[in-house]
Amino acid sequence: MPLVNTKEMFRKAYEGGYAIGAFNVNNMEMIQGIVEAGKEENAPLILQVSSGARKYANPRYLKKLVEAAVEDSGLPICLHLDHGDTYELCVSAIEDGFTSVMIDASHHTFAENIKITSQVVKYAHDRGVVVEAELGRLAGVEDDVNVSDANACYTDPDQVEEFVSKTGVDSLAIAIGTSHGAFKFKGDARLRFDILEEVAKRLPKFPIVLHGASSVLPEYVQIIQANGGSMPGAKGVPEDMLRKAASMAVCKINIDSDLRMAFTAAVRKHFNENPAHFDPRQYLAPAREMIKQCVKHKLVNVLGCNGKA
């Protein structure tokens with residue numbers, strides 16, 4: 001079974017009132033943990049690679065690992081470029097065999113965003129690859145994405161129809177109050193569901209994407225801090241809010257920080273309890289298992305895509 005793009009995934013998700021998990025991957029253990037969870041829950045998966053992950057692991061290595069995951073699991077799996085910020089980066093990912101790319105030109109003017117996105121869409125569609133774009137800007141820091149609170153802005157529903165019609169993009173990431181990283185809110189979490197509802201009204205049956213949607217699960221924060229780590233004030237998006245978004249127009253929810261925290265929590269705990277261990281397999285195995293349990297929880301309780309492969 002080859003890698004797939006997201007067209008059929010998103011059609012089913014929209015009609016079924018659930019979302020597909022887009023999980024960021026950086027190494028073999030993360031891919032194995034995510035895919036093992038997908039196998040056990042019979043769920044479709046999007047494995048996404050940021051520009052930082054490309055630099056860290058080499059996209060060719062990651063692609064071969066994802067292809068092995070497809071062969072091993074038989075699941076529908078999409079390999080997606082997360083936050084490609086230039087036309088050239090998107091082209092490079094497509095040439096590397098990615099089946100979906102995100103062009104994030106949201107830091108440009110509206111007109112320039114349309115121009116760059118349109119160029120990527122033309123190149124990608126000619127090769128059977130789908131494209132995600134972004135309108136609005138999320139605050140926060142994650143890999144090469146760094147947007148201050150002052151420069152963040154909500155998506156303007158009045159722009160979405162023009163943007164989609166002029167670019168031909170396949171899905172749209174919008175800003176409704178989520179943010180990148182593990183420190184998303186200083187006060188109570190708030191998402192602008194009114195913006196999501198208005199966008200869905202303007203773009204009927206069109207797949208919407210949420211970035212910055214990790215929940216920063218308290219159990220991981222607790223394990224990290226109990227084993228020498230420091231994450232004061234870490235706070236994410238409540239899972240009931242994400243489930244509500246998934247029941248609406250949101251077909252793809254990005255999850256990265258929760259995976260990083262699960263991995264780190266397991267490694268820190270292992271070293272604290274086993275100070276004599278030095279074999280990487282000894283601490284990477286529990287990290288892989290923690291990733292698996294995290295993803296199983298997300299597939300069932302947040303995304304609702306279990307049993308949908």
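Me: In which strand is the place of Gln-48?
Reply: The model is predicted; local features need pLDDT of at least 70, side-chain atom pairs count only at pLDDT 80 or more, and totals for chains, interfaces and linings use all residues. Numbering starts from 1 along each chain as its sequence is written, and side-chain values use heavy atoms, without hydrogens or water. Strands (E, at least two residues) and helices (H or I, at least four) are DSSP runs numbered from the N terminus. Gln-48 sits within residues 45–50, strand β2.

Me: Is Gln-48 buried or exposed?
Reply: The relative accessible area of Gln-48 is 0%. Buried means under 20%, exposed over 50%, partly exposed in between (1.4 Å probe, protein chains only). Gln-48 is therefore buried.

Me: Which residues does Gln-48 touch, not counting those up to four places away in sequence?
Reply: Contact means heavy atoms within 4.5 Å. Gln-48 touches Ala-22, Phe-23, Asn-24, Val-25, His-80, Asp-82, Lys-252 and Asn-254.

Me: At roughly what angle do the axes of helix α2 and helix α12 cross?
Reply: Helix α2 covers residues 28–41, and helix α12 covers residues 280–303. Among the residues that meet, Glu-29 and Ile-34 are in α2, and Leu-284 and Val-300 are in α12. The two axes come within 8 Å and cross at roughly 40°.

Me: Is Arg-190 buried or exposed?
Reply: Arg-190 is in the loop between β8 (171–174) and α8 (193–202). The relative accessible area of Arg-190 is 67%, so Arg-190 is exposed.

Me: How many Å apart in space are Arg-190 and Gly-177?
Reply: Arg-190 and Gly-177 are 13 residues apart in sequence. In space, C-alpha to C-alpha, Arg-190 and Gly-177 are apart by 6.5 Å.

How values were computed
Axes fitted to C-alpha atoms, helices over the stretch in contact; angles between N-to-C directions.
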